[in-house]
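This briefing accompanies the sequence and the predicted model shown below. It is arranged by topic for reading alongside the structure.

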Amino acid sequence: MFRPPPLTSEQIKAQYRKSADFCRTPKFVAIISKEIWGGLYFSRMGWCAHAPVEEATPLWLGENFRKALLSSEYFNKPGEKHEWNDINAMKQASNTRRLAFFEEMRQAYGFKTIDTMWRKDDVVASDWHYRIDDFMTLYALRRVGGGGHVGWPRVKFPQKFLDVPLSVADEELGHALLRVMDQCEGYNVKRPVSERPASKKPKG
């Protein structure tokens with residue numbers, strides 16, 4: 001049986017990453033820290049914040065997004081599998097915090113349900129390979145039916161990605177987030193099959 005060669009130390013370092021989302025609707029913005037267990041989950045401990053759209057200045061966005069990204073956690077262990085008990089406990093705690101945060105927002109912005117609150121949201125996602133890179137990558141997502149979002153292939157759509165040094169000031173980071181947010185698209189944008197996004201990214 002063929003077995004792939006073991007990963008080098010640099011390849012292992014490259015797997016470690018942090019992630020956070022910047023979400024925007026006509027009424028509010030939300031910054032959400034993620035934790036990584038194979039997939040992305042609402043962070044149990046990371047920084048999350050929300051504000052009315054009109055109060056979310058570039059400085060506010062940059063400051064809160066940086067907090068969310070820095071507090072994101074990577075729990076994968078290269079070459080090892082997670083115990084199901086650990087994963088199930090994480091999912092339960094993650095979901096509890098996610099729903100509490102969403103309910104707080106629902107009440108703050110006057111929505112009848114959480115589902116309707118997220119019906120017109122756009123999302124900028126991010127990756128920071130913190131063991132090897134001194135920059136984060138911001139990328140726009142496209143809204144699809146059912147409340148999900150999909151990513152774009154960077155080779156075909158480089159304008160939807162932006163590499164931002166960690167050293168930038170909070171206000172500059174906020175402006176970068178807004179520039180990438182302008183690249184998001186709603187579900188009603190029609191494109192040829194060859195130009196449609198391929199990778200799905202859940203919000204939870």
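Trp37 stands opposite Gly39 in strand E3. That pair belongs to the antiparallel pairing of E2 and E3, which extends over four bridges.

**Strand E2 and its burial**

- Of the 10 residues of E2, 10 are buried, so the strand is largely enclosed by the rest of the structure.
- Phe28, Ala30, Ile32, Lys34 and Ile36 point to one side of E2, while Val29, Ile31, Ser33, Glu35 and Trp37 point to the other, and all are buried.
- In a regular strand, side chains alternate between the two faces of the sheet.

**Partners of strand E2**

- The hairpin of E2 and E3 has one residue between the strands, and Gly38 there adopts a positive phi near 80°.
- Strand E1 (residues 20–24) pairs with E2 in the antiparallel sense over five bridges.
- Within that pairing, Phe22 has Ile31 of E2 as its bridge partner.
- E1 and E2 also form a hairpin, with three residues between them.
- E2 and E4 run antiparallel and are joined by five bridges; Ala30 stands opposite His50 in E4.
- Strand E5 (residues 73–74) runs parallel to E2, and two bridges join them.
- Glu35 stands opposite Glu73 in E5.

**The loop residue Thr25**

- Thr25 is located in the loop between E1 and E2.
- With a relative accessible area of 6%, Thr25 is buried.
- Leaving aside residues up to four places away in sequence, Thr25 touches Val53, Met117, Lys120 and Asp121.

**Helix H3**

- The 26 residues of helix H3 (residues 84–109) should span 38 Å at 1.5 Å a residue, and the end C-alpha atoms are 37 Å apart, which agrees.
- Ile87, Met90, Ser94, Phe101, Phe102, Met105, Arg106 and Tyr109 are buried in H3.
- These buried residues of H3 pack against strand E2 (28–37), strand E3 (39–42), strand E4 (48–52) and helix H4 (114–117).
- Gly110 follows H3 and has a positive phi, near 75°.

**Helix H5**

- Helix H5 (residues 170–181) contains 12 residues and reaches 16 Å from its first C-alpha to its last, close to the 16 Å expected at 1.5 Å a residue.
- The buried residues of H5 are Leu173, Gly174, Ala176, Leu177, Val180 and Met181.
- Viewed down the axis of H5, its buried residues fall within an arc of 160°, so they line one face of the helix.
- An α-helix has 3.6 residues a turn, so residues three or four places apart point the same way.
- The buried residues of H5 pack against E1, H2, strand E6 (122–127), strand E7 (135–140) and strand E10 (161–165).

- Leu59 belongs to helix H2 (residues 58–71).
- A relative accessible area of 45% makes Leu59 partly exposed.
- Leu59 and Gly174 are separated by 115 residues in sequence, yet their C-alpha atoms are 5.8 Å apart in space.
- Leu59 touches Asp170 and Glu171, when residues up to four places away in sequence are not counted.

**Cysteines**

- A search of the whole structure finds zero disulfides.
- Cys23 takes part in no disulfide, and the nearest cysteine sulfur to its own, that of Cys184, is 9.5 Å away.
- Cys184 is likewise in no disulfide, its nearest cysteine sulfur being that of Cys23 at 9.5 Å.
- Cys23 is buried, with a relative accessible area of 0%.
- Cys184 also counts as buried, at 12% relative accessibility.

Conventions
Residues are numbered from 1 along each chain as its sequence is written. This is a predicted model: local features need pLDDT of at least 70, side-chain atom pairs count only at pLDDT 80 or more; totals for chains, interfaces and linings use all residues. Side-chain values use heavy atoms; hydrogens and water are left out. Buried means under 20% relative accessible area, exposed over 50%, partly exposed in between (1.4 Å probe, protein chains only). Contact means heavy atoms within 4.5 Å. The expected span of a helix is 1.5 Å times one less than its number of residues. A disulfide is a pair of cysteine sulfur atoms within 2.5 Å. Two strands pair if DSSP finds at least two bridges between them. The arc is that of the directions from the helix axis to the C-beta atoms.
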